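Please open the model in your viewer and keep the selection tool at hand. The stops below are arranged so that each selection leads on to the next.

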Amino acid sequence: MNKIYLKTIPGVIMMLLMMMSSCNLDRLPSNAIPEHMSLKTVEHVKFWEAGFMAGLRTVQKGIFENLQDVQADQLNASIGFANNMVDAYAWESFKAANEDLGSVWHAYYNRIKNINYALPRFSQIPAKTAEDRAIIDRATGVGHFLRAYYYFNLSIRYAKPYNAETAETDLGVPLVLIYDQYGMPARATNKAVYEHILNVDIKEAKRLLGAMDGRPMASNITKDAVLALEARIKLYMSDWKGALAASEALISSGTYTLSTPVEESFRLMWHQSLSTEEILQLQIQRPDELPNTSNYYGATTVYEQEHGLRNNPDYLPSQWMVNLYSDADIRKKVYFEKQNCFYQGETYLLNVISKFKGDVDFATLIGSVYSVWGGYVPNSLTNPKVFRIAEQYLIAAEAAYMSGDADRAVKYLNQLRYSRRLGRVNATGNKLLREIRDERTRELAFEGFRLWDLRRWNMPMKRHSPQTLSGGATPFLYNGAGLDLEIPAGHDKFVWAIPSNDIKTNPNIANQQNPGWGL
């Protein structure tokens with residue numbers, strides 16, 4: 001019988017190998033554990049849970065947020081962006097063979113594969129004490145939560161938006177629940193995928209993690225993280241009643257409070273990872289584990305000798321996005337900074353995205369010489385924020401409005417606005433819906449939501465109003481895809497392609513590619 005070797009984190013490997021003193025260690029690979037040794041004790045379960053969480057940390061930031069944001073309408077490519085994510089930005093050249101598109105798909109499925117391997121084995125490990133039982137139950141609950149999280153993220157990218165009337169026939173993503181390294185699954189229906197997410201994984205996560213009370217800035221999976229995921233999923237399903245109930249439960253618990261309407265308080269959340277708003281905030285550590293980073297700030301010392309400190313971000317915020325924030329809004333000075341940007345021998349004073357400039361604690365270059373950046377060279381490294389209470393206020397406002405309860409929608413909208421130092425909104429009807437959508441755009445800017453929001457609101461993607469020099473010149477911007485690109489609502493490429501390699505190698509999905517995609 002062939003041995004299957006499962007990759008895991010180095011610390012776990014070393015601890016397991018130390019326990020296996022009767023084995024010939026010289027014959028074991030240095031970066032894997034033999035299947036028959038990998039999941040036998042409660043201690044192994046702890047290591048696997050740690051591995052689950054390490055896997056979650058590595059699918060935050062980077063292309064897992066940037067790729068859909070670049071495809072949307074909030075950014076413009078700079079002239080020095082070196083074709084980074086150019087296909088998503090251009091739309092027309094975005095093909096099923098795109099490496100970034102395939103990397104996202106395979107990253108989620110690889111993590112699902114590990115969960116599918118572990119969950120049935122967790123249930124076979126005897127619990128000798130109540131503590132053992134709690135450890136196994138917690139790890140199992142985490143596995144179910146993460147599988148729901150990964151399948152939801154796959155579904156919003158690679159399957160049609162959920163529609164209750166057509167979900168039984170709409171193609172979803174392949175639904176793989178049993179470990180099979182040679183499996184070639186067909187695509188399940190949207191109904192089957194979402195029913196599994198909610199009625200199996202979320203349900204089990206709630207049951208098994210019910211004793212895991214939430215707290216601000218929790219870095220582990222709590223019952224509140226499960227509820228936050230449920231609220232997000234039901235919003236995307238247009239299950240307004242369910243989304244409202246889940247988001248209101250989190251808001252009314254009082255565990256998480258919105259930032260005070262003070263700029264420094266808000267800055268601490270984004271640049272030092274200190275906030276009462278965080279429902280799930282993953283903790284990273286240098287130098288062993290770092291998340292993917294953003295290329296929206298672009299701080300560099302490359303030109304220091306000749307030109308002084310400069311920036312050269314690949315992507316710049318569109319002017320309409322900057323203008324969406326009033327000067328009173330505490331987000332404006334945290335999300336954006338005026339910086340000297342250096343492109344092709346010229347320097348331009350431009351707005352750059354500083355929302356993800358990174359925590360000073362993760363900086364490697366610190367000192368007064370870098371005062372232009374606040375005393376350190378930003379590298380975008382920060383603790384990933386998976387769920388925030390601000391998102392729940394937005395979900396509650398939108399779900400209440402769509403349920404016909406405008407008063408409740410206004411209440412949640414204004415509570416969020418007050419925390420951002422904005423005045424009350426008293427709008428009604430379509431104007432209120434527009435205010436809710438604009439507030440969502442402001443709050444969640446550059447966090448990977450915009451493209452999917454445009455899609456579920458059935459709105460076009462239209463790039464407009466880039467940053468300009470006097471006279472409207474844009475010499476610092478890439479013009480290859482056009483600064484006024486407009487994609488109509490419902491365009492095929494609002495739904496990503498199944499990666500071409502999977503289409504070619506799996507005969508069961510060979511004829512199940514999403515419409516409008518070439519190889």
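UniProt positions are given here in the numbering of this model, feature names are shortened, and an annotation may be inferred rather than shown by experiment. With that in mind, select residues 74-235, where UniProt, in an unreviewed entry, places the feature "domain: SusD-like N-terminal". The end C-alpha atoms of this span lie 22 Å apart, and the span is 56% helix and 6% strand. Next select residues 384-517, which the UniProt annotation "domain: RagB/SusD", also from an unreviewed entry, covers. Here the end C-alpha atoms are 32 Å apart, with 42% helix and 6% strand in the span.

**Confidence**

Before looking at details, colour the chain by pLDDT, since what you have open is a predicted model. The mean pLDDT of the protein chain is 91, and 90% of its residues reach 70 or more. Over residues 1-28, however, the pLDDT is below 50, although this stretch has 42 contacts in the model beyond near neighbours in sequence.

Select alanine 88, which lies in helix 5, residues 86-90. Is alanine 88 buried or exposed? Its relative accessible area is 0%, so alanine 88 counts as buried, the cut-off for that being under 20%. If you leave aside the neighbours within four places in sequence, the residues in contact with alanine 88 are Leu67, Val70, Gln71, Phe94 and Arg463.

Move on to tryptophan 91, in the loop between helix 5 and helix 6 (99-122). Tryptophan 91 is buried, with a relative accessible area of 2%, and has a positive phi of about 70 degrees although it is not a glycine. Most residues other than glycine have a negative phi.

Select tyrosine 179 in the loop between strand 4 and strand 5; with a relative accessible area of 17%, tyrosine 179 is buried. Where does helix 8 bend by about 30 degrees? The bend is at isoleucine 197, which is also among the buried residues of this helix, together with Val193, Tyr194, Leu198 and Asp201, to name some of them. Show the surroundings as well, and you will find that the buried residues of helix 8 pack against helix 7 (130-158), strand 4 (171-174), strand 5 (187-189) and helix 9 (223-236).

Select helix 10, residues 240-253, whose 14 residues should span 20 Å at 1.5 Å a residue; its end C-alpha atoms are 20 Å apart, which agrees. The buried residues of helix 10 include Trp240, Leu244, Glu248 and Ile251. Residues three or four places apart in an α-helix point the same way, because there are 3.6 residues a turn. Which elements do the buried residues of helix 10 pack against? They pack against helix 9, strand 6 (278-281), helix 15 (389-402) and helix 16 (406-419). Just after helix 10, look at glycine 254, which takes a positive phi of about 75 degrees.

Continue to helix 16, where the buried residues are Ala409, Val410, Tyr412, Leu413, Asn414, Leu416, Arg417 and Ser419. These residues pack against helix 10, helix 14 (330-335), helix 15 and helix 17 (429-443). Helix 16 is followed by arginine 421, whose phi is positive, near 65 degrees.

For another residue with a positive phi, select serine 273, where the angle is about 60 degrees although the residue is not a glycine. Serine 273 lies in the loop between helix 11 (263-271) and strand 6, and at 4% relative accessibility it counts as buried.

**The hairpin of strand 10 and strand 11**

Finally, select strand 10 (residues 336-343) with strand 11 (residues 346-353), which pair in the antiparallel sense over 8 bridges. Phenylalanine 342 has threonine 347 in strand 11 as its bridge partner. The hairpin has 2 residues between the strands, and in it glutamine 344 takes a positive phi near 50 degrees.

To connect this stop with earlier ones, draw two C-alpha to C-alpha distances. Phenylalanine 342 and alanine 88 are 254 residues apart in sequence and 24 Å apart in space, while serine 354 and tyrosine 179 are 175 residues apart in sequence and 42 Å apart in space.

Conventions
Residues numbered from 1 in each chain as written. Predicted model: local features only at pLDDT ≥ 70, side-chain atom pairs only at ≥ 80, totals over all residues. Heavy atoms only, no water. Helix = DSSP H or I, 4+ residues; strand = E, 2+ residues; numbered from the N terminus. Pairing = 2+ DSSP bridges. Bend = angle between axes of the 7 residues up to and from the residue. Buried < 20%, exposed > 50% of the residue type's maximum accessible area, 1.4 Å probe, protein only. Contact = heavy atoms within 4.5 Å. pLDDT = per-residue confidence, 0-100. Expected span 1.5 Å × (residues − 1).
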